[in-house]
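Let's take a friendly walk through a protein model, one region at a time. Keep the picture open beside you as you read.

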Amino acid sequence: MQQSINVGLIGFGMAGQVFHAPLITSVQGLRLHKVYARRPEQQAILQEKYSDTIISTVVDDIINDPEIDLVVIATANAVHFSLTRQALLAGKHVVVEKPFTNTVAEADELIALAKEQNRILSVFHSARWHSDYLTVKEVLNSGELGRLVTLEIRYDRFRNYLRPNAWREDDLPGSGIFFDLGAHLIDQSLQLFGKPQSIFAYLRKMREGVGAVDDFEAILLYPNLKVSLKGSMLIKEPTPRYALYGTEGAFVKQGVDPQEVALKEGKTPRNTENWGQEPETIWGILNTTNEGPNARRIVPSEKGNYPAYYENIRDVINGTAELIVKPEQARDVIQLLVLGEQSSQEKRIIDLS
């Protein structure tokens, strides 16, 4: 039997509370050993929900703790690079929240350092385990759409006010929804189709007083395929999450993966039956040129599975699996985010070659 892997979590804001702590404690073989949490209200939540976990107010207590095998970094984007570098130099395996870094050069430096240290480095691209994305993969693999010509993915929210003290809405490197939500959509696109030939993006700041991008559209251009990625903070009426158009039909998917909402409600994969299962009301519609009664039909959604990310991290550390979310893939996401910013600033298509 493999021993439990001790995990140190740096950051107990939204990402640490909603995603990482509940998922880590739901995966057999991982133990949430110590958490860095500065604020009294964060410490109170830790004491209530994770009474066996040590609370720390000093980052170095986690990075230099000899009992910790894996460091998870769930902080503001501005310190992803410095904390990941420090943890790797201390001999820890590292999981870092997306987006990986703010520049490609930073990503390359961390990738090289992880290889030097012979340590695992991965980025929390959890949207690969969304129910809707897994369903889209199945639809594409079925071949029923013929040759895909257009894919549209949206990640929208509605909040017409600014949250106080929210770094994601300040004018900081890596802030704004393009780096936040757009990172998910770009990663999914890269997994489905690889790198595009070029990118064109249009980034905006729409809400009064906002410092960071709160509306984006990025178009990834492939041979005979256009991928349109959109996100906004001012979409009150829901739009299709995915729309796929091919030479033999279309697949349109409403609704969102249920896992984030469940986690925010305090549910976990460990204590929730049918974790990640969507309600039938948001299953997608496939409409094809096939003759017969199944030409237009509802497609049951695949189950979302966030725990699979940390199960893979556990297995890689134990030497029984290959890493799924590789840092090189996360670096490619950063490249497209940076090029998207450049495209928007210069108002032109950027060629990746």
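Which residue in β12 is the bridge partner of Ala 243? Val 252 in β12 is the bridge partner of Ala 243. Before going further, note that this is a predicted model, in which local features need pLDDT of at least 70 and side-chain atom pairs count only at pLDDT 80 or more, while totals for chains, interfaces and linings use all residues. Residues are numbered from 1 along each chain as its sequence is written, and side-chain values use heavy atoms, with hydrogens and water left out.

## The sheet

Helices (H or I, at least four residues) and strands (E, at least two) are DSSP runs, numbered from the N terminus. Two strands pair if DSSP finds at least two bridges between them. Strands of a sheet pair through backbone hydrogen bonds, either parallel or antiparallel.

Here nine strands form an open sheet, in the order β14-β13-β12-β11-β7-β10-β9-β8-β15, with mixed pairing. β14 (296-299) and β15 stand at the edges with a single partner strand each, so one side of each has no neighbour in the sheet.

The table lists some of the pairings.

| β11 (residues 242-246) and β12 (residues 249-253) | antiparallel | five bridges | Ala 243 and Val 252 |

Helices lie across these strands. Contact means heavy atoms within 4.5 Å; axes are lines fitted to C-alpha atoms, for helices over the stretch in contact, and angles run from 0 to 180 degrees between N-to-C directions. Helix α6 lies across β7 (148-154), β11, β12, β13 (284-288) and β14, and runs at about 10° to β11. Helix α10 (residues 327-346) lies across β8 and β15, at about 65° to β8.

## Aromatic rings

Rings of Phe, Tyr and Trp (its six-membered ring) pair if their centres lie within 6.5 Å; planes under 30 degrees apart count as stacked, over 60 as edge-to-face and the rest as tilted. The whole structure holds eight aromatic pairs. One of them is Trp 129 with Tyr 309, an edge-to-face pair with 5.9 Å centre to centre and 75° between the planes. Trp 129 lies in the loop between β6 (121-124) and α6 (131-142), and Tyr 309 in helix α9 (residues 307-317), so the pair ties together parts that are 180 residues apart in sequence. Phe 19, Phe 124, Trp 129, Tyr 306, Tyr 309 and Tyr 310 form one aromatic cluster.

Are Trp 129 and Tyr 309 buried or exposed? Both Trp 129 and Tyr 309 are buried (under 20% relative accessible area, with a 1.4 Å probe and protein chains only; exposed is over 50%, partly exposed in between). Eight of the 11 residues of α9 are buried, so α9 is largely enclosed by the rest of the structure.

## A buried threonine

Thr 101 is found in the loop between β5 (93-97) and α5 (104-117). Thr 101 is buried, with a relative accessible area of 1%. Leaving aside neighbours within four places in sequence, the contacts of Thr 101 are Phe 81, Glu 106, Ala 107, Leu 110, Phe 179 and Ile 334.
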